[in-house]
Amino acid sequence: MKQKISFALIFVGISIFAQRFGYVDTDYVLKNLPAYQQAQDRLNKQTEHWEIEITQHQSELDEMINALNNEKIILSEEKIKEREKEIVEKKKNIADLEQKRYGPKGDLISAQLSFIKPLQDQIYNAVNKVAKRRNYGFVFDKGNGDLILIFSDPKYDISEEVLKTLKENNK
């Protein structure tokens, strides 16, 4: 009888502390949202436009290099240096344009944020709603192959307690 009571108390204790976990595959959700496909199409069109722009500049550079190579024998040393300087400047301009379009703070990142971020926010809000409705303590995202925590009930946040403990230990 004592074993049954102890087992029951342990089971009740575990049930109280047990949390419900869930996961969502945001890649799957995004791929099944028509608005996401529209945003991707807009982003792809913008990227194609930038590629054409860069390709045009690269073609101009190639023409400048070919012209210099073809005319080198009839140009003065001063004119050759002038054209080489123009070529170097054109190369720098192309590199700057590529950085502007595709760099870490470039137009592509900005466009992704403006096109895709609102949808990600909608998904996050929907996850919060479902998590609260289903009484989940934590929800993970398994999209992209990594398991990332995207929702946690604030009542399980122990950050302040950890900080307080660290401060006490450092005294």
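Q: Which share of the contacts in the protein with a separation of 6 or more comes from residues 24 or more positions apart?
A: A contact here means heavy atoms within 4.5 Å. In this protein, residues 24 or more positions apart make up 62% of the contacts with a separation of 6 or more. Keep in mind that this is a predicted model: local features need pLDDT of at least 70, side-chain atom pairs count only at pLDDT 80 or more, and totals for chains, interfaces and linings use all residues. Residues are numbered from 1 along each chain as its sequence is written, and side-chain values use heavy atoms, with hydrogens and water left out.

Q: How many helices and strands does the protein have?
A: Helices (H or I, at least four residues) and strands (E, at least two) are DSSP runs, numbered from the N terminus. The protein has 6 helices and 3 strands, and along the sequence they run α-β-α-α-α-α-β-β-α.

Q: Is T26 buried or exposed?
A: Buried means under 20% relative accessible area and exposed over 50%, with partly exposed in between (1.4 Å probe, protein chains only). T26 has 12% relative accessibility, so it counts as buried. Of the 171 residues of the protein, 21% fall into that buried class. T26 sits in helix α2, residues 26-31. Setting aside neighbours within four places in sequence, T26 is in contact with I123, D141 and G143.

Q: Which residues lie nearest the centre of the largest pocket?
A: On a 1 Å grid over the protein atoms alone, a pocket is an open set of points where a 1.4 Å probe fits, with protein on both sides within 12 Å along at least five of seven lines; lining residues have an atom within 4 Å of a point. Of the 15 lining residues of the largest pocket, T26, L30, Q120, D141 and I150 lie nearest its centre. The elements giving two or more residues to this lining are α2, α3 (34-71), α5 (107-133) and β3 (148-152). Helix α5 provides the largest share, 6 residues. The volume, meaning the space filled by probe spheres set on grid points joined across faces, edges and corners, is about 340 Å³ for this pocket.

Q: What gives the most to the lining of the second largest pocket?
A: That's α5, with 5 residues. Strand β1 (21-24) and α5 each supply at least two. Among the lining residues are Y23, V29, I123, R134 and Y136, and the space in this pocket is about 170 Å³.
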